[in-house]
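Here are some notes for a colleague who is opening this entry for the first time. They go from the overall make-up to single residues.

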Amino acid sequence: MREIRCALHVQSVHSISLITQSEPMRSIVSQIDSISASDSSILLIGETGVGKELVAEYIHHTSVRSGNPFIKVGLAALPPDLLETELFGHAKGAYTSAVGEKKGLFELAHTGSIFLDDIDDFPILLQSKLLRVLESRELMRVGGTVAIPVDVRLITASKVDLKDLVNRGLFRADLFYRINVVPLVIPPLRERAGDVPLLVNHFLGRFSANGAPEIADDALRALVRYSWPGNIRELRNTMQRITLFARGKIALSDLPPEIREENPLELMIKACNRCFAEGKMSFDEVVTCLEKNLIRGALKEATGNRSHAARILGMNLSTLRDKLKKYNLPDEA
Ligand SMILES: Nc1ncnc2c1ncn2[C@@H]1O[C@H](COP(=O)(O)OP(=O)(O)O)[C@@H](O)[C@H]1O
Ligand SMILES: [Mg+2]
């Protein structure tokens with residue numbers, strides 16, 4: 001039974017296994033498949049841990065460029081003063097320490113794809129250079145004098161709404177339009193709880209020596225109900241920990257306390273706290289995640305009535321409206 005479901009709902013390519021049971025994930029895969037022959041830029045939008053990097057890999061490996069290089073760049077992890085030479089390279093003697101010349105990541109990605117993760121962290125001062133390279137399809141190394149042609153397909157990922165950054169003057173509008181040709185929103189796991197059982201099975205199987213162990217019904221229900229603030233990354237790590245300690249069939253008591261607990265608000269706050277303490281989410285991400293969840297919860301309780309939801313939250317209707325707009329939240333949660 002499991003094999004049949006897996007065959008239907010796992011896209012496997014190049015050792016990438018992308019679980020796609022829920023409607024939003026299947027729609028994302030079908031959009032990717034329909035543009036696999038094109039070079040259009042793709043912007044992946046979603047909270048941390050929803051699978052942006054995995055989807056970027058899937059995009060490259062199913063595209064016509066799959067035999068060519070795929071370069072991943074974690075922009076949040078690169079110090080801003082190194083970023084320019086890392087991306088665009090430098091000529092010999094560009095700095096006192098630049099004894100040789102160095103190819104940048106764009107040159108290394110030539111004929112293939114480049115994945116710029118955390119594009120929302122891209123420094124505004126370098127944005128015009130990035131735009132120039134994308135538009136002209138050639139680059140100049142730092143301190144260099146010759147234009148070098150680069151043929152690269154661009155995939156970017158953002159954990160926030162880039163339009164909001166554009167409105168606040170933190171992101172160039174022209175660059176935004178250049179990278180936002182095909183935007184794909186990857187929903188958080190709590191909005192596609194239907195993927196949870198298959199993901200649980202997938203990771204239990206991956207982390208156990210003898211295939212996925214059985215799991216008790218109440219344990220699986222608790223996993224489906226949990227809000228997963230760290231999304232699939234959190235689920236994956238949880239399954240890894242469980243397989244280390246569980247013996248035989250997995251019971252409710254084998255799950256971490258925050259997943260076993262019933263109170264959704266308490267559960268959410270604790271999970272956020274843990275994500276923060278374990279460094280899985282930054283302060284801003286935790287605050288955003290909590291805020292969005294509280295608003296969603298209130299809207300649900302108020303069956304979509306904004307005034308009522310604002311009263312539950314103890315905030316002005318106009319504040320609630322601003323937040324709904326900022327987070328791009330639908331009325332009905
Ligand atoms: N649909 C999916 N199916 C299987 N594994 C997934 C899926 N989405 C994410 N993962 C796994 O979850 C973890 C986090 O995904 P990642 O792509 O790094 O998220 P993000 O880049 O959005 O933070 C990785 O181990 C990834 O392989
Ligand atoms: Mg990531």
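1. The chain contains 16 helices and nine strands. The model is a predicted one, and the remarks below should be read with that in mind.

2. Of the 333 residues, 32% are buried. Among contacts with a separation of 6 or more, 72% join residues 24 or more positions apart.

3. The chain splits into domain 1, residues 2-185, and domain 2, residues 189-327. Their C-alpha centres are 28 Å apart. The contact between them involves 16 residues from domain 1 and 17 residues from domain 2.

4. On the side of domain 1 that touches domain 2, the elements giving two or more residues are α1 (2-9), β2 (16-19) and α2 (23-34). The most come from α1, which supplies three residues. By class, this side of domain 1 has four nonpolar, seven polar and five charged residues.

5. Which residues are closest to ligand 1? They are I19, G51, K52, E53 and I232, out of 14 residues that surround the ligand. Two or more residues of this shell come from each of β2, α3 (52-61) and α11 (231-245). Both domains take part: the shell draws at least three residues from each of domain 1 and domain 2. Its classes are five nonpolar, five polar and four charged residues.

6. Two residues deserve a look for their backbone angles. Most residues other than glycine have a negative phi. D118 is not a glycine, yet has a positive phi of about 60 degrees. D118 sits in the loop between β5 (113-117) and α6 (124-136).

7. Is W228 buried or exposed? With 27 C-beta neighbours inside 10 Å, W228 counts as buried.

Definitions and conventions. Residues numbered from 1 in each chain as written. Chains lettered and ligands numbered in written order. Predicted model: local features only at pLDDT ≥ 70, side-chain atom pairs only at ≥ 80, totals over all residues. Domains from an automatic or database assignment. Contact = placed C-beta atoms within 7 Å. Helix = DSSP H or I, 4+ residues; strand = E, 2+ residues; numbered from the N terminus. Nonpolar A, V, L, I, M, F, W, Y, C, P; charged D, E, K, R; others polar. Near = placed C-beta within 6 Å. Buried ≥ 20, exposed ≤ 12 C-beta atoms within 10 Å, placed from the backbone.
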